Amino acid sequence: MNKTVNINIGGVVFHIEEDAYEKLSRYLENIKVHFRGSEGFEEIISDIEARIAEMFQAKLKTDKQVILMNDVEEIKEAMGMPEDFGGDIEEEQPRQDSSQSQRTRRKGRIFRNADERVFGGVCSGIGAYLDVDPIWIRLAFVLGFFFFGTGVLLYIILWIIIPPARSTAEKIEMKGEKVNVSSIEKTLKEEFDNLKQRFDDFTGSKAGTGRRERRSAAGAFVDRIVDLVISLIKIAFRVFGKLLGVILLVISVLGLIFLVGGMLGLFTADIFIFPMAPFLFGSSLHSVLAFIGALLLFGIPIIVFMYKGIQFLFKFKIKTPFIGIGALSLWILGWVLSGILVVHMVQDFSHRAQFSEHYEDFTLDADMLYLDILPDGVEDAGVIIRIENESIKTLDDHFAFSFVTMDIVKTDAEDFKLQIFKSARGHSGKDAYHRAKSIQYNIESQDSSINFSSYYSIDKEDLWRNQRVKVLLKVPVGKAIYMSHDMREIIYGIGNVTNTFDGDMVGHTWMMKEKGLTCLDCEDETIEAPEPSTEYEGKETRLYYLDKFISVQVAHNLKERLLEGEKYRILSKGRSDGDWESEWVWD
Amino acid sequence: MNLENTKVQMKKGILEFCILTVISRGEVYASDILETLKDAKMIIVEGTLYPLLTRLKNSGLSSYNWVESTSGPPRKYYKLTPAGELFLRELDKQWKELLFAVDITIKQRNQKTKKATES
């Protein structure tokens with residue numbers, strides 16, 4: 001038992017088996033594709049259909065009422081394949097037109113092949129277009145998936161922008177005309193041959209007819225040159241178009257990889273380099289805004305690039321006029337969303353508040369304090385982000401910032417005083433104050449030593465809103481401090497009598513005098529005090545006059561020599577080869 | 001030179017000539033023309049005929065009437081227009097000239113080969 005369908009062909013109704021019907025309609029489609037664009041297209045088709053109806057009727061008898069597969073086969077045989085009856089007939093009249101239509105048809109269009117699809121038929125469509133087994137295209141897309149899922153995105157975009165092959169004509173167009181590297185090459189070669197022909201014509205005419213008919217030859221000469229230039233420009237544009245297509249595609253694919261990679265990095269945190277996002281964007285609203293905003297802002301241009309690239313490369317057009325407007329409005333939406341986010345963020349940073357703590361319960365009545373850095377437990381934990389000398393460490397539930405700054409100033413009070421200032425920003429003063437207050441910063445003290453943490457931590461929920469910690473140590477006149485070498489990490493611009501840099505202040509004992517902090521055990525202080533007198537005579541000699549010193553240390557590659565003299569002098573001699581020699585003259 | 005091409009070129013004009021000749025018989029419809037042409041082995045597949053018929057009609061050489069058929073769809077019965085008659089007459093003349101030309105050339109060749117074999 002077979003299913004039959006009813007068809008109306010040439011105004012007559014027939015019962016026809018389903019598979020025979022499929023075959024017949026494919027055949028008629030083929031014929032239509034063949035005659036499309038030729039003069040009297042409709043009439044030819046209706047004539048052929050009428051003839052088919054007639055032949056069908058001849059096949060039907062009282063005991064046979066259904067058209068079968070072999071009937072269709074026989075008709076096909078009698079009528080012939082379109083290739084057998086078309087081309088030579090049309091050639092005569094509009095020769096140029098037909099060759100042109102052939103040419104444009106060869107380039108073909110790209111379609112999605114819904115008949116052999118896995119998802120949207122994109123791969124098999126491309127495969128048909130490039131005349132490559134779809135399996136390779138699929139493999140490429142699967143590989144693309146591992147580049148942050150670029151393959152998937154590209155696939156979806158292609159799915160959207162490539163039309164499906166709906167009619168048989170489109171299916172034939174999809175499969176019949178191959179465009180691959182060699183066919184592009186062929187087209188270009190034809191183009192160049194054509195050009196060469198013109199060039200030959202041009203040179204030939206110059207040699208042959210140039211003398212006899214100078215004037216008209218000159219006219220033809222100009223014509224040919226114009227012709228030549230025009231075809232050169234045409235070729236240049238064609239090559240340029242293809243090149244542009246390739247460039248646009250490459251840019252868009254790279255952009256896509258960066259975008260998707262960036263998105264993953266930004267919003268899944270901890271995997272990639274930038275786990276700050278959850279600290280920056282507190283509410284889920286912000287995250288969503290940032291995500292969609294960035295996606296639209298960068299994604300739309302990428303998609304447009306890709307679309308244009310494909311268009312340049314494969315020369316297919318989509319008839320949906322709103323795609324440009326849609327892309328533009330989505331892009332504008334991206335700007336709007338990003339704008340809203342920026343406004344929100346700016347608001348969140350609009351107010352600043354400070355919260356200060358005084359430490360007075362320490363034994364700050366000592367004559368001298370030893371300042372050191374707490375060994376912290378976060379050193380090898382989490383992801384470390386370095387910004388110049390400072391670092392941010394991310395931990396499970398909080399951030400550790402190394403932006404601690406410490407200053408030491410004079411006080412008129414009798415005892416040491418230690419103050420911690422914590423500051424933060426927020427959308428209101430209150431918000432900022434709460435945030436500042438919840439900054440955690442540790443100081444430990446034992447006897448006369450105080451240990452500072454080099455980090456302060458922020459709870460993940462508090463978000464990063466420019467939280468800062470400042471330590472202020474007030475030293476009374478006549479009392480001293482000693483800073484360990486590690487203190488270098490937090491001290492910042494501490495004023496002193498000798499204008500010694502922070503880095504050189506550590507490891508020394510400093511006494512607060514009326515003028516300011518004065519070093520008690522800095523040997524190099526006296527060297528820096530007097531300006532050395534220098535002489536240049538191929539050699540460089542520096543002479544330091546020093547009054548008092550306890551010991552002399554020579555750094556770098558200086559050699560020491562002790563000599564007798566009237567005064568204490570230190571002579572350092574430099575040679576052009578970079579060696580320095582210093583003489584110690586004991587006058 | 002391409003053999004197929006030359007054959008097709010030769011056949012093309014003659015095919016039009018033949019079709020016009022068949023139509024000149026009076027009212028004929030596609031199947032009649034097909035039958036004659038198939039007997040004459042001028043066409044192999046039927047599809048060739050329809051674009052030609054359309055073109056002849058469009059260039060004003062032939063016209064048709066619709067005639068109801070008892071056993072199927074209405075048929076187009078073709079006949080020549082006065083222009084078509086004139087056209088055919090010219091073709092007829094041309095054909096005779098061609099025949100003469102081919103006849104002469106072939107005859108002369110045959111004579112030469114005859115002489116060559118005799119001497």
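**Ground rules.** I worked with a predicted model, where local features need pLDDT of at least 70 and side-chain atom pairs count only at pLDDT 80 or more, while totals for chains, interfaces and linings use all residues. Residues are numbered from 1 along each chain as its sequence is written, and chains are lettered from A and ligands numbered from 1 in the order in which they are written.

**Chain A against chain B.** I looked up the contact between the chains first. I found 24 residues of chain A in contact with 19 residues of chain B (contact: C-beta atoms, placed from the backbone, lie within 7 Å). On the chain A side, α2 (41–59), α3 (69–79), α4 (82–85) and α5 (87–90) each supply at least two residues. Helices here are DSSP runs of H or I with at least four residues, strands are runs of E with at least two, and both are numbered from the N terminus. I noted that α2(A) gives the most to this side, with 9 residues. Ala, Val, Leu, Ile, Met, Phe, Trp, Tyr, Cys and Pro count as nonpolar, Asp, Glu, Lys and Arg as charged, and the others, Gly among them, as polar.

**α1(A) and α3(A).** Next I checked a helix pair. The axes of α1 (residues 18–35) and α3 of chain A come within 8 Å and cross at roughly 20°. Axes are lines fitted to C-alpha atoms, for helices over the stretch in contact, and angles run from 0 to 180 degrees between N-to-C directions. The two helices are therefore roughly parallel to each other (angles under 35 degrees). I listed the residues that meet: A:D19, A:A20, A:K23, A:L24 and A:Y27 from α1(A), with A:M69, A:D71, A:V72 and A:K76 from α3(A). This contact divides into 5 nonpolar, no polar and 4 charged residues.

**Sheet in chain A.** I read an open sheet of 3 strands, order β1-β2-β3, with mixed pairing (strands pair if DSSP finds at least two bridges between them). Its edge strands are β1 (4–9) and β3 (66–67), each pairing on one side only. β1(A) and β2 (residues 12–17) of chain A pair in the antiparallel sense over 6 bridges. A:N6 has A:H15 in β2(A) as its bridge partner. I also saw α1(A) pack on this sheet, touching β1, β2 and β3 of chain A, with its direction at about 115° to that of β2(A).

**Sheet in chain B.** Here I found an open sheet of 3 strands, order β1-β3-β2, with antiparallel pairing. β1 (28–29) and β2 (62–67) of chain B stand at the edges, each with a single partner strand, so one side of each is left without a neighbour in the sheet. β1(B) pairs with β3 (residues 75–80) of chain B over 2 bridges. B:Y78 in β3(B) is the bridge partner of B:V28.

Key: Contact = placed C-beta atoms within 7 Å. Parallel < 35°, antiparallel > 145°, perpendicular 65-115°, else oblique.
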